[in-house]
Amino acid sequence: DLDYVSSIGSFSSGDQEKDDQYSIEARLNGKVGPFDWLVGGLYFNEKVNADVQVNQIVLGVNQRQDFRNISYAGFGSLKWNLTDTLRITGAGRYTQDIKKFDGSAYTATAICTSPTRLCPNIRRLPSDVSNLPAVLNSLGYVQFAPNTPFVDVTGTSNVIWSASNLPVTGRQAPSKFTYRGAIEFEPRPESLLYASVETGYRSGGFSFSSIAPQYGPETITAYTIGAKNRFFGNKLQLNLEGFIWKYKNQQVTHIGFSAARNVEYVTENIGQSTNKGFEVDMTARPLRNTTLHADVQYLDARNDDFVFTETDPSALAGLPAGTIPSVTNCPRTVVPNTGLYQINCSGLRAQRSPTWTLNLGAEQAFDLSSDYRLILAGNTHFQTSSIVNFERRAFGIQDSYWLSDASLTLAAADDSWSIGAFVNN
């Protein structure tokens, strides 16, 4: 049960919410000859009833929702031990999701109509926005007809309030069979070679958006090949892995403008992407009290197909189509007579995907006596630049950087206690 108000970032918000969730999972496993088997089932049930208010002074939102989520799944796995060093595994899972949503979102946005775009006399929203129409009336703004703006009847400001009530009601019942196939081989007791192909599934859902009130499931197919090794009496561990992940119908969340001039937080299925690369991970203990670690990852993550529509801000301002640039820095095409852009980010690098990532670490212990030891440790992280915002603007580029930490610890020889100092950068 949630019942609170807050004012984080100078903006007030409130939430009255009751959540109820339970699940049960059962598994049975065994061994028959060279086969290891497992079967199981899962039942998940969730209910959410919420009333949420957000007040950003010139933007007010009141959302009410009833949400129900039921999920059933059955799964099984069979491992065939052909020899002591060679194994093949096959596994599958069938999932059935049932989601129901009934809610509404009332949104009011202040719009400055002055030619200079300066409106110093705006009357801002009070803290309680549980009834936005009544709040706007109390501020001197009146709506003379449904689906029209609230205007200032006092004539003291060049501000109108665009208001809309968005009901979202729906039901989804997607299902999916996912699988995994893998092979493992041990050429020596200290080495493992492996390869696998597996699929994954994330169900869809609902959002208070006129652009995409519902979004569908997202799927992935992942290919992996690798090796895990230890050498020189376990003093050196070296792991190698290559991977290709292929996403379809990716669920992407971003800010968008509705046809009613409101800002919306949208989740929709946008295109496909391929993530491929490799990782090398090494841990070494050249001396009894010395540990070294290094991890290097290369990632090539691309949007294979990333096309979506966006409301043309020019139409919202009453200007000719295409006058105001798109907020998204991708090639755009004006869709005639619709007030929309078509945005195409296909072929571009995916968000939050640095090409190179490097982690280095070292730990050195000093035996001060038979009872005490001193441990000096340090690690550093490096990654190349990446795009971190959906709009792909210059302000959303994360430059390459190094990040380093260090610590000094005095500990008992038996690790029963320790005291330390650290610097986290």
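**Buried, exposed and paired residues**

Colleague: Is Ser386 buried or exposed?
Modeller: Its relative accessibility is 7%. The cut-offs are under 20% for buried and over 50% for exposed, with partly exposed in between (1.4 Å probe, protein chains only). So Ser386 counts as buried.

Colleague: Before we go on, what kind of model is this?
Modeller: Residues are numbered from 1 along each chain as its sequence is written, and side-chain values use heavy atoms, leaving out hydrogens and water. Local features need pLDDT of at least 70 and side-chain atom pairs count only at pLDDT 80 or more, while totals for chains, interfaces and linings use all residues, as this model is predicted.

Colleague: Which strand holds Ser386, and which residues does Ser386 touch?
Modeller: Strands here are DSSP runs of at least two residues, and helices (H or I) of at least four, numbered from the N terminus. By that rule, Ser386 sits in strand E24 (residues 386-387). Leaving out residues up to four places away in sequence, and taking contact as heavy atoms within 4.5 Å, Ser386 touches Arg352, Ser353, Pro354, Gly396, Ile397 and Gln398.

Colleague: What does the side chain of Arg87 make a polar contact with?
Modeller: A polar contact is a pair of N or O atoms within 3.5 Å; within protein, one must be able to donate a hydrogen and the other to accept it, and residues adjacent in sequence count only if both atoms are side-chain atoms. At 3.0 Å, the partner of the Arg87 side chain is the side chain of Glu186.

Colleague: Where does Phe232 lie, and what is its phi?
Modeller: Most residues other than glycine have a negative phi. Phe232 lies in the loop between strand E13 (218-231) and strand E14 (236-248), and is exposed, with a relative accessible area of 66%. Its phi is positive, near 50°.

Colleague: And what is the phi of Asp415?
Modeller: Asp415 is in the loop between strand E26 (401-412) and strand E27 (418-424). At 52% relative accessibility, it counts as exposed. Although Asp415 is not a glycine, its phi is positive, about 60°.

Colleague: In the open sheet of three strands, which are the edge strands?
Modeller: Two strands pair if DSSP finds at least two bridges between them. The order is E19-E21-E20, with antiparallel pairing. Each edge strand pairs on one side only, and these are strand E19 (307-311) and strand E20 (332-335).
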